[in-house]
Amino acid sequence: MLGIGRQNQLVGLDVGSYAIKAAELSRKTKGGADFFVVNKLGYEILPRDAIVEGTIMDTAAVAETIKMIFEENKISAKNVVISVSGNSVIIKKLSLPAMEKEELAESIFWEAKHSIPYPYEETNVDYAILPSPLSPGQQNLDILLVAAKKDKIANYTNAIHQANKNPEAIEVDVFALLNAIEINYPEVMSEKNICIINLGASLTNVIIAEKGIPQLFRDLPLGGSLFTENLSKELNLGFDDAEKAMKGFPLENGLLDKSKTALNLNIQNLLEEISKTFSFYESADGKENKIESIFLCGGLSNLSELPARFEQKFSIESKILNPFRKITCDKKKFDSIYFDELGAQFGVVVGLATRYAGK
Ligand SMILES: Nc1ncnc2c1ncn2[C@@H]1O[C@H](COP(=O)(O)OP(=O)(O)OP(=O)(O)O)[C@@H](O)[C@H]1O
Ligand SMILES: [Mg+2]
């Protein structure tokens, strides 16, 4: 995606505003079927305010953290794939009449010029043709158009270069997540209408796909940082202590009830925001769309009983995404934390790494 050619054997690097995650996987074949093996994993929390509202403010801190992850986890490869998201990234679904390849590319870029809310010269544009679920007589092609602002990409690639790594490919968080689901839950992806909700620190990505075909993307400007800020105000605690409270660490007498109430209110707000997206999807196109399965991921999805809260609110089966469900991994080689507490934070990076896994 995003104009940079596909290569094999790249290390997936998810530069989140809270933590950087790294994963290197290889692709193997057995009995004619492909599978993936984890070679390397890494995770490091960033200093607060190193990335603010999707912009790297402290390039040196991000670069140092990347270097540290590679050194500590003995990742020797230098070529990486990163991903971007947020309001500098626009994803649009287009429907165009079937036509020759070159003509199609021209039409898509014409559409891009006219429908992207940024000057065309300031964006990198790419597209993918979606598989059509309709009858063979169908004349239209469904296209996903992706445009990312060049300054956003430069902001991230600068930090990667400063860490002495080569950003060989740029992806978008939501496609990486779709990839992670396709590999780990192929039966659900191909048969059901699913919604993936990636609850990060500054952003919540919402993706809806019908039987494997993406239909709707939303990046909501809310996440764990907002929860922590609200908790910090309500409980009169510093940011770090408020975060501990959010993670369920024991609290002084008297604060526990207050913390539960504040968290509950934040969760209600989150569910309301998600509900608006669901209503928009369910009423679109005049058809009766229905979501059948919800996958939660991202650090905030670790909040106690969050899947149950989603099930209560929407009456839809909800679970935490396990990005290693169908991936072979020698668990003796890695800290178990990657598969327990941190598992939900590895959705994007596993999706990136599988896409660019080497043999
Ligand atoms: N056990 C936990 N319970 C509740 N919240 C948690 C827990 N662990 C982490 N978080 C929160 O999850 C967020 C980090 O999640 P994640 O790593 O997915 O974000 P990110 O990818 O760095 O951010 P973004 O993509 O929004 O830039 C933080 O706000 C953190 O406080
Ligand atoms: Mg993230």
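## Basis

In this predicted model, local features need pLDDT of at least 70 and side-chain atom pairs count only at pLDDT 80 or more, while totals for chains, interfaces and linings use all residues. Residues are numbered from 1 along each chain as its sequence is written, and chains are lettered from A and ligands numbered from 1 in the order in which they are written.

## Two domains

The domain assignment gives domain 1 (1-89 + 150-185 + 325-359) and domain 2 (187-322); such bounds come from an automatic or database assignment. Their centres, taken over C-alpha atoms, are separated by 22 Å. Domain 1 puts 25 residues into the contact and domain 2 puts in 27 residues, where contact means that C-beta atoms, placed from the backbone, lie within 7 Å.

On the side of domain 1 that touches domain 2, H4 and helix H10 (347-355) each supply at least two residues. Helices (H or I, at least four residues) and strands (E, at least two) are DSSP runs, numbered from the N terminus. H4 has the largest share of that side, with 8 residues. By class, this side of domain 1 holds 9 nonpolar, 10 polar and 6 charged residues. Ala, Val, Leu, Ile, Met, Phe, Trp, Tyr, Cys and Pro count as nonpolar, Asp, Glu, Lys and Arg as charged, and the others, Gly among them, as polar.

## The sheet

An open sheet of 5 strands has the order E13-E12-E11-E14-E15, with mixed pairing; two strands pair if DSSP finds at least two bridges between them. At the edges are strand E13 (213-220) and strand E15 (317-320), each of which pairs on one side only.

Strands E11 (residues 193-199) and E12 (residues 204-210) run antiparallel and are joined by 7 bridges. Within this pair, isoleucine 197 is opposite valine 206 in E12. Helix H4 (residues 173-184) packs on the sheet and touches E11, E12, E13 and strand E14 (293-297). The direction of H4 makes about 50 degrees with that of E12; axes are lines fitted to C-alpha atoms, for helices over the stretch in contact, and angles run from 0 to 180 degrees between N-to-C directions.

## Around ligand 1

Ligand 1 lies between domain 1 and domain 2, because both give residues to its shell. Of the 21 residues around ligand 1, the nearest are Gly16, Tyr18, Gly200, Gly224 and Gly299; a residue is near if its C-beta atom, placed from the backbone, lies within 6 Å.

The elements that give two or more residues to this shell are helix H6 (224-235) and helix H7 (239-246). H6 gives the most, with 3 residues. By class, the shell has 7 nonpolar, 12 polar and 2 charged residues.

Conventions
Two residues are in contact if their C-beta atoms, placed from the backbone, lie within 7 Å.
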